[in-house]
Structure formats: C-alpha cells, structure tokens
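Me: I am new to this structure and would like to learn how to read it, one feature at a time. Could we begin with a strand and its partners?

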Amino acid sequence: MWQHFLWKHRRKIILGVLVVLSVSILFLHPFFNTSSNTIFLSFTSPFYKLSSKIKFKISNSINSILMLKNLHEENKLLRTQVSLLNKTNIQYEELLNENGRLRNLLNFKPYISKKQIGAFVIGYDPANLFKSIIIDRGYKDNISKNMIVVNDKGLIGRVLSVTSNSAKTILITDAESSVSAIVQRSRCIGSLVGAGKNMCEIKYLAQNDDVQIGDTIVSSGEGEIFPKGIPIGIVSNVEKKKDGITLKVDVQLFADFSKLEEVFVKIE
Amino acid sequence: MLNKILLFLWVASVICVIVIFQTVLQKILDIRGIFPDLLLVFVVYSALNKGIEVGMVTGFFCGSIIDSLSLSPAGLNMLSMLMLGYFVGVLREKIYKDKPFNQILIVIISTIVYGLIITIFIKVFHSSNRNILNFLTIGIPEAIYNGAITLPVFYLLDKILPWKRFKPTIYGY
C-alpha cells in the first residue's frame with residue numbers, strides 16, 4: 001500500500017524534499033555560505049591542486065616546444081632587459097629608502113607593506129556571472145579573510161573565505177566588489193566596481209570632476225581593506241550620464257584577468 | 001545492485017571531470033571572458049535522456065557543487081538547477097522529439113532562464129550591483145556558447161555514459 005503510494009507519487013516526493021532542502025539552505029545562507037564553502041573547498045582543494053599542477057606541466061611543455069625556435073633571440077633580449085632592470089631596481093631602492101626616510105621625518109605610515117606571499121591560482125568560479133578564484137594558500141600560511149591579493153601588474157581582489165590550505169578570492173571585476181579608487185593625476189575619488197569581462201567602472205564621480213582617458217587609477221586607501229597606492233588600471237572611456245550629475249568612467253585594468261596564474265597575498 | 005553502484009560511481013566521476021573542466025581548465029574554453037556552463041549542459045542531458053527524477057537529482061547535486069565553489073548564495077544554484085532538471089524532464093516527455101535542433105534550443109533556453117533566475121533573485125534579495133545589463137553581456141553569449149557545444153558534448157556523453165536512450169512514450173509507464 002505504502003510502497004504503491006510512494007512509487008506513484010515519487011516525482012512529487014523527490015521534488016518536494018529537494019525543494020524544501022534547497023529553500024531552507026537559501027534562507028539560512030549566511031551560515032551555509034561560510035560553512036559549506038569552507039568544508040567543500042577544503043575537501044576539493046587537493047584535487048584542484050593536482051589538476052592545476054598537471055595543467056601547468058602540460059601547458060609548460062607545449063609552450064617550451066613552441067618557443068624553442070625563438071629561444072636564442074629571446075634570451076638575448078631578456079639579458080638586455082635584465083641589465084636595464086637591474087639599473088632601474090637600484091634607482092628604485094634608492095628612491096624607496098629616501099621615501100622611507102622622508103616619511104619617517106613627516107611621521108607618515110608606510111602604505112605598501114613588503115610582507116606578501118606568493119600563491120598559485122588553482123581554480124576559477126564555475127559560474128560566468130560571478131568572478132572569483134581559488135588560491136593554494138590557506139590559514140596554514142597565515143592567510144585570513146579580507147587580505148588583499150595583487151599580482152605584478154596591480155590589484156586583483158581580496159580574500160573572502162579561507163580553509164587550511166586554500167582560499168577563495170573575490171576579484172575586483174565581480175559586480176559585488178567595491179574598491180575606493182583615486183584618479184592619480186587629479187586626485188578625484190570614486191568607487192570602483194566590477195563590470196564583468198575584465199573591466200571595471202568608477203561610480204560617484206561628478207561631471208565637473210577632472211577625469212580624462214588615459215588617467216591612471218590607484219586605490220585611495222579609504223576604507224579598511226585596500227591600502228593606498230596600489231595600481232588598478234587606466235581610464236578607457238569617459239561619458240556624461242543622462243542624470244546630469246555623474247560620470248560613467250570605464251577602467252581598463254592593468255592585470256590581465258583572463259590569464260591569472262600566480263598572485264601575491266599581502267599578509268599585512 | 002552492484003551494477004547500480006558502478007553506474008552511480010561512473011556518473012559521479014564524469015561529474016568530477018566536468019567540474020575540473022569548469023573550474024581549473026575553464027581558460028581553455030574561454031572566449032573573450034565567457035566559458036560554457038558544462039554542468040548545466042550535463043543537467044539538461046541527464047533530464048532529456050533519463051527523465052524527471054534523474055534530471056532533478058543531477059540538477060540538485062550539480063547546483064550544490066556550483067554553490068560551494070562560487071560566490072553565489074548557498075542554495076540558489078541548487079534550487080535553480082533542480083527546477084531546470086524538473087522542467088527539462090517534463091519537456092522531454094511532452095514535446096521532445098530527439099532532434100539536434102531541439103536539443104540546442106532547449107540548452108539555449110535553459111541557460112537564459114537559469115541566468116535570469118540567478119540575476120533576479122540576487123538583485124531582489126541581496127540588493128546587489130548586478131543588474132540585467134550584467135545578464136545581457138554575460139548570460140546571452142554564454143547561452144549561445146552552450147548551444148554551440150551542445151551536440152559535441154551530448155555525443156561525447158552518449159559515448160561515455162552507459163545510459164540507454166529511450167522513447168518518451170514508454171518512459172515511466
């Protein structure tokens with residue numbers, strides 16, 4: 001009798017149970033978002049590490065074979081570049097020391113920390129609408145929530161959740177991300193939000209603010225998360241909005257978000 | 001019983017491979033910042049080939065995987081994928097004729113509906129910066145991309161999954 005009833009209504013029962021389960025998780029999402037994310041991430045991160053290692057090895061081998069032809073010329077070019085960079089680096093260190101001394105004299109706090117840890121990107125967000133990455137460093141490496149993530153080009157994002165050996169990072173290209181940014185030339189401050197597809201947009205800039213195409217955008221240091229002076233990108237388009245008050249400013253980011261492989265997490 | 005367990009393990013490992021493709025190797029399939037949603041295509045495939053129950057359960061599990069790895073609120077993808085599995089399963093029994101064009105069309109429509117559900121829910125309940133423009137610039141190209149890979153993916157899944165195709169008229173009755 002019961003078996004017949006269950007078999008007859010199996011679809012409704014399965015649908016009902018699963019709908020109730022997902023709706024309850026959805027309503028309890030602050031708890032589930034943190035716990036399920038961390039549990040699942042800590043369980044899956046070894047697989048991600050393994051697959052990304054295999055991916056790196058395969059792509060490196062293919063690249064080496066392809067690049068063998070131009071290796072000699074490239075080597076020459078790189079040697080020249082290294083000697084040039086060495087000179088620039090010495091000058092930079094001099095300037096950095098001088099800057100430090102002057103900051104001490106003026107009693108300013110240093111805004112760029114030197115303590116950072118390298119990390120590999122081992123996974124990307126499985127949904128197109130969201131922009132996040134998973135890195136191979138966790139709280140075992142002193143990573144904690146809201147630490148900022150950069151690469152050699154500029155700002156990447158901030159750490160959102162951490163497991164023992166991996167961390168999920170929200171990218172600045174995600175629509176939920178918001179960074180206080182400043183136009184380096186004119187010192188106008190706005191809020192940089194993600195516009196998807198490796199682009200960002202600066203909000204809340206007034207129409208009389210001085211912003212031009214080609215202006216460099218850096219983090220302003222306002223707020224508690226992002227320190228001042230981290231390069232973000234360059235203004236690629238400026239338009240007056242129809243509201244007659246604000247500007248629409250598009251920013252082409254320095255970092256190439258389509259090729260993120262190694263990043264740095266700022267520990268301090 | 002043993003066969004069923006083996007089949008379950010086989011399907012689970014196929015899902016694992018798809019998840020790895022979508023998270024670790026997605027840049028291989030990336031075209032101008034858009035990559036195909038292989039898990040969604042898999043849910044549609046399961047619902048079309050095995051009907052409502054399998055569609056729902058596959059959708060629920062694939063959705064829970066996306067929820068755990070993505071920035072979206074927990075439960076949202078679970079619910080959306082579950083409903084997707086259900087409705088595609090219903091569609092299979094009502095109008096599906098096993099034609100390649102229908103398969104592509106169902107995948108495209110499913111991607112658009114799924115993207116719309118996610119965007120609207122997040123906009124309404126999380127007062128997010130995400131808007132319909134985000135959906136149009138990301139969701140529509142994704143739907144076209146998913147449509148373009150439907151036939152090769154379905155062909156591949158037909159080859160690697162030991163699920164036998166069945167006629168809609170005899171299924172479940």
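Me: Which residue in β12(A) is the bridge partner of A:Val150?

Reply: The bridge partner of A:Val150 in β12(A) is A:Phe264, and strands here are DSSP runs marked E of at least two residues, while helices are runs marked H or I of at least four, both numbered from the N terminus. This is a predicted model, in which local features need pLDDT of at least 70 and side-chain atom pairs count only at pLDDT 80 or more, whereas totals for chains, interfaces and linings use all residues. Residues are numbered from 1 along each chain as its sequence is written, and chains are lettered from A and ligands numbered from 1 in the order in which they are written.

Me: Which strands pair with β12(A), and in what sense?

Reply: Two strands pair if DSSP finds at least two bridges between them. Strand β3 (residues 148–150) of chain A is joined to β12(A) by two bridges in the antiparallel sense, and β1 (residues 116–124) of chain A also runs antiparallel to β12(A), with five bridges.

Me: Which residues of β12 lie on its covered face, and which on its uncovered one?

Reply: In a regular strand the side chains alternate between the two faces of the sheet. In β12 (residues 262–266) of chain A, the covered face holds A:Val263 and A:Val265, and the uncovered face holds A:Glu262, A:Phe264 and A:Lys266.

Me: How do I read the packing of α2(A) with α4(B)?

Reply: Two packed helices are described by the angle between their axes and the distance between the axes. Axes are lines fitted to C-alpha atoms, for helices over the stretch in contact, and angles run from 0 to 180 degrees between N-to-C directions. Helix α2 (residues 10–27) of chain A and helix α4 (residues 52–69) of chain B pack at about 10°, with axes 10 Å apart, and the two are therefore roughly parallel (angles under 35 degrees).

Me: Which residues meet there?

Reply: Residues are in contact if their C-beta atoms, placed from the backbone, lie within 7 Å. From α2(A), A:Arg10, A:Arg11, A:Ile14, A:Leu15 and A:Leu18 meet B:Ile52, B:Glu53, B:Met56 and B:Phe60 of α4(B). This contact has six nonpolar residues (Ala, Val, Leu, Ile, Met, Phe, Trp, Tyr, Cys and Pro), three charged ones (Asp, Glu, Lys and Arg) and no polar ones (the others, Gly among them).

Me: What does chain B consist of?

Reply: Chain B has seven helices and zero strands.

Key
Buried ≥ 20, exposed ≤ 12 C-beta atoms within 10 Å, placed from the backbone. Parallel < 35°, antiparallel > 145°, perpendicular 65-115°, else oblique. Contact = placed C-beta atoms within 7 Å.
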